[in-house]
Amino acid sequence: LICFYKEDGATFVPGCGGKDKSARDWCVVGTRPDDDPIPLVKPTSKFCSDETPCGRCEGHCRNDGECRGDLVCFEKDEGIPGVDSVPGCIGESISKTDWCTTNLAIDASSAKDRRLRGSLQ
């Protein structure tokens, strides 16, 4: 099962019958691509570690070795909502917590930031 995130009460929930006019999210049958954004997971312990690495959109990491597999540690600067968001993750963290994410998400976010600043054609 994966979480289907509803935008509003008019959004149809795939694979379900009936009407739900709320903005409630639903569990549905399916798979999610590896680069599809997922919600940030609040840290359950003080830090990720080499022994207990964090998964995607989990924190608080201090380096890439504290993230599972090919994930990388995204180092936040200021914790400013909308400015310092975590690439590939849904939600805002106003802390300076560093989060594990994919290289693809960071590369895509960096390219978008450079385009917005006018340094890419």
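This is a predicted model: local features need pLDDT of at least 70, side-chain atom pairs count only at pLDDT 80 or more; totals for chains, interfaces and linings use all residues.
**View 1. Lysine 46, out in a loop.** Lysine 46 sits in the loop that runs between strand 3 (38-39) and strand 4 (72-74). Its relative accessible area comes to 66%, so lysine 46 counts as exposed, the cut-off for that being over 50%. Look across to cysteine 61 as well: 15 residues separate lysine 46 and cysteine 61 along the chain, and their C-alpha atoms are 9.4 Å apart.

**View 2. Cysteine 57, buried in a loop.** Here's a residue with a backbone angle to check: cysteine 57 isn't a glycine, yet its phi is positive, at about 65 degrees. Cysteine 57 belongs to the loop between strand 3 and strand 4. Is cysteine 57 buried or exposed? With a relative accessible area of 0%, cysteine 57 is buried, because anything under 20% falls in that class.

**View 3. The cis peptide bond between glycine 59 and histidine 60.** The bond joining glycine 59 to histidine 60 is cis, with omega at about 20 degrees. As for where histidine 60 lies, that's the loop between strand 3 and strand 4.

**View 4. The second largest pocket.** The volume of the second largest pocket is about 160 Å³. It has 13 lining residues, and those closest to its centre are Thr11, Val13, Gly18, Lys19 and Asp20. What's the lining of the second largest pocket made of? Five of its residues are nonpolar, four are polar and four are charged.

Technical notes: Residues are numbered from 1 along each chain as its sequence is written. Side-chain values use heavy atoms; hydrogens and water are left out. Helices (H or I, at least four residues) and strands (E, at least two) are DSSP runs, numbered from the N terminus. Buried means under 20% relative accessible area, exposed over 50%, partly exposed in between (1.4 Å probe, protein chains only). On a 1 Å grid over the protein atoms alone, a cavity is a set of points where a 1.4 Å probe fits but cannot get out, and a pocket is an open set with protein on both sides within 12 Å along at least five of seven lines; lining residues have an atom within 4 Å of a point. Grid points are joined across faces, edges and corners, and a volume is the space filled by probe spheres set on the points. Ala, Val, Leu, Ile, Met, Phe, Trp, Tyr, Cys and Pro count as nonpolar, Asp, Glu, Lys and Arg as charged, and the others, Gly among them, as polar.
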